[in-house]
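Please look over the sequence and the model shown here before reading on.

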Amino acid sequence: MELSVINKCYGIKKNIHLIAHGLRKEHRYGIGKQIEDSVHRILENILFAKQVSKHLKPSYLTTALIYLDLFRLDLRMMLDLKLLANETNIWKIHEETAELGRMLGGWLRSVK
């Protein structure tokens, strides 16, 4: 479970990096940096949850889920502001974040 969650988040991080660096300069250092930081924090909390004892895991997983929600809102903002010429990649990432959320939720339920 843990390894597949890490791989899923890494894949999202890689795709977001490509999207963020394809934004125009004024957006790359604003919302582009924000979404990259959010997905980095998600991955960071997943890695912490993997390493700590069982009674500490829920707090890291909950934090990862909060950052995931923030990340989804930033994706939505990118769509609303029409910052990308091709929105297909954002929709694919949105689907991947839904799957990541289910994976994190399942992991959280299993440790509670």
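Axes are lines fitted to C-alpha atoms, for helices over the stretch in contact, and angles run from 0 to 180 degrees between N-to-C directions. On that basis, the axes of H2 and H3 come within 8 Å of each other and cross at roughly 160°. The helices are DSSP runs of H or I with at least four residues, while strands are runs of E with at least two, and the numbering starts from the N terminus.

The model is a predicted one, in which local features need pLDDT of at least 70 and side-chain atom pairs count only at pLDDT 80 or more, whereas totals for chains, interfaces and linings use all residues. Residues are numbered from 1 along each chain as its sequence is written, and side-chain values use heavy atoms, with hydrogens and water left out.

**Packing of H2 with H3**

- With their crossing angle of roughly 160°, H2 and H3 are therefore roughly antiparallel to each other; angles over 145 degrees count as roughly antiparallel, those under 35 as roughly parallel, 65 to 115 as roughly perpendicular and the rest as oblique.
- H2 and H3 cross in a left-handed sense, a term used if the near helix is turned anticlockwise from the far one by less than a right angle, with clockwise giving right-handed.
- Sorted by class, the contact of H2 with H3 has 15 nonpolar, 5 polar and 4 charged residues, where Ala, Val, Leu, Ile, Met, Phe, Trp, Tyr, Cys and Pro count as nonpolar, Asp, Glu, Lys and Arg as charged, and the others, Gly among them, as polar.

**Packing of H3 with H4**

- H3 and H4 pack at an angle of about 165°, with their axes 10 Å apart, and the two helices are therefore roughly antiparallel to each other.
- The crossing in which H3 passes H4 is left-handed, and the contact of H3 with H4 has, by class, 18 nonpolar, 5 polar and 2 charged residues.

**Packing of H2 with H4**

- Helix H2, which covers residues 25-51, packs with helix H4, residues 88-111, at an angle of about 25°, and their axes are 13 Å apart; that angle makes H2 roughly parallel to H4.
- The crossing of H2 and H4 is left-handed, and the contact, meaning heavy atoms within 4.5 Å, is made by Ile42, Ile46, Ala49 and Lys50 of H2 together with Leu100, Leu104 and Trp107 of H4.
- By class, the contact of H2 with H4 has 6 nonpolar, no polar and 1 charged residues.

**Salt bridges**

- A search of the whole structure finds 5 salt bridges, each being a side-chain nitrogen of Lys or Arg within 4 Å of a carboxyl oxygen of Asp or Glu.
- One of them joins the side chains of Arg24 and Glu26, at 2.8 Å from N to O; Arg24 is exposed, with a relative accessible area of 54%, and Glu26 is exposed as well, at 53%, given that buried means under 20% relative accessible area, exposed over 50% and partly exposed in between, with a 1.4 Å probe and protein chains only.
- Another salt bridge brings together the side chains of Arg72 and Asp69, at 3.4 Å from N to O, and because these residues are 3 apart in helix H3 (residues 57-80), they are separated by about one helical turn.
- In that pair, Arg72 counts as partly exposed at 25% relative accessibility, and Asp69 is partly exposed with a relative accessible area of 43%.
- Asp80 forms a salt bridge with Arg76, their closest N and O atoms being 4.0 Å apart; being 4 residues apart in helix H3, Asp80 and Arg76 are separated by about one helical turn, and both are exposed.

**Single residues**

- Lys82, in the loop between H3 and H4, has a positive phi of about 50° although it is not a glycine, and at 62% relative accessibility Lys82 counts as exposed.
- Leu70 is partly exposed, with a relative accessible area of 40%.
- Arg41 lies in helix H2 and counts as partly exposed at 33% relative accessibility, while Arg41 and Ser110 are 69 residues apart in sequence and 22 Å apart in space, C-alpha to C-alpha.
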